[in-house]
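Please keep the sequence and the coordinates at hand while reading.

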Amino acid sequence: MKSGQKLPEVTFKTRVRDEAIGGDNPFRWEDKSTADYFKGKRVVLFSLPGAFTPTCSTYQLPGYENGFADFQAQGIDGIYCMSVNDSFVMNKWAQDQKIANVDVIPDGCGEFTRKMGMLVEKSNLGFGMRSWRYAAVINDGVVEAWFEEPGLADNHGEDPYGESSPETVLNWLKESA
C-alpha cells in the first residue's frame, strides 16, 4: 500500500450497542462497509497484531487515545484501530482500555488486512494470521500517507514499533500542514 491508493471495499462484521435489547449484553450485529468508515472523512487508521497484546495495549492504542485532540487540531476527523480480531474481542478490549476517542474496527477474517497486503502468519507466537503493524492517514477512502513498520514477514521474530506510533503520524501531519 502507498500514498494515492484507494482502500479495498470489504464488509466488516461489527457488534454495536443497542439499549433496546436490554440485559447484560445489549449489542446487535451490524455490517459496516469500508465506505461507512472512510467516505468523506480524513482519519488515521492504525492496525496492529492483536487486541490485549503488550505493545498495542501499553503504547499504541493509549497513545492515539490520549493524543486525539492533537490529531483533531491537525484536521483529523477520527482515529480507527484495526486488528484481525472479531468484534467481541475488539469491543471488550476498547472497554478494558477505557477508550472514548478511538473507534475499533474488527477485521475478524482478515479480509481487509489481506487486501491491504498486510496479512502475515504469526504462528510462531500462536496467533495464526494477523496484521503487520502499520498506520495511515486516509482521506475520503484514499491513502494520503503510509507508515509501515520495517521487516514485513511471516513469523517475524520481533514486533517492530515506531513508524506507526502516534508520535510519528502526528509529526508528519504537523510537517505537512
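## Charges over rings

The charged end of arginine 130 sits over the ring of phenylalanine 127, at 4.6 Å from its centre, where a charge is taken to sit over a ring if NZ of Lys or CZ of Arg is within 6 Å of the ring centre and within 35 degrees of the ring normal. Arginine 15 is likewise placed over the face of tryptophan 29, 4.9 Å from the ring centre.

This is a predicted model, in which local features need pLDDT of at least 70 and side-chain atom pairs count only at pLDDT 80 or more, while totals for chains, interfaces and linings use all residues. Residues are numbered from 1 along each chain as its sequence is written, and side-chain values use heavy atoms, with hydrogens and water left out.

## Aromatic pairs

The structure holds 13 aromatic pairs; rings of Phe, Tyr and Trp (its six-membered ring) pair if their centres lie within 6.5 Å, and planes under 30 degrees apart count as stacked, over 60 as edge-to-face and the rest as tilted. Tyrosine 37 and phenylalanine 38 make a tilted pair, with 6.3 Å from centre to centre and 55° between the planes, and both residues are buried (under 20% relative accessible area, with exposed meaning over 50% and partly exposed in between, for a 1.4 Å probe and protein chains only). These two residues belong to one aromatic cluster formed by Phe12, Tyr37, Phe38, Tyr80 and Phe112.

The pair of phenylalanine 46 and tyrosine 64 is stacked, because the ring centres are 4.1 Å apart and the planes lie at 15°. Phenylalanine 46 lies in strand S3 (residues 42-48) and tyrosine 64 in helix H2 (residues 54-66), so the pair ties together parts that are 18 residues apart in sequence; helices (H or I, at least four residues) and strands (E, at least two) are DSSP runs, numbered from the N terminus. Phenylalanine 46 is buried, with a relative accessible area of 0%, and tyrosine 64 is also buried at 0%.

## Cysteines

The count of disulfides comes to zero, a disulfide being a pair of cysteine sulfur atoms within 2.5 Å. Cysteine 56 is in no disulfide, since the nearest cysteine sulfur, that of cysteine 81, is 7.4 Å away, which is too far for a bond. Cysteine 56 is buried with a relative accessible area of 1%, and cysteine 81 is buried with 0%.
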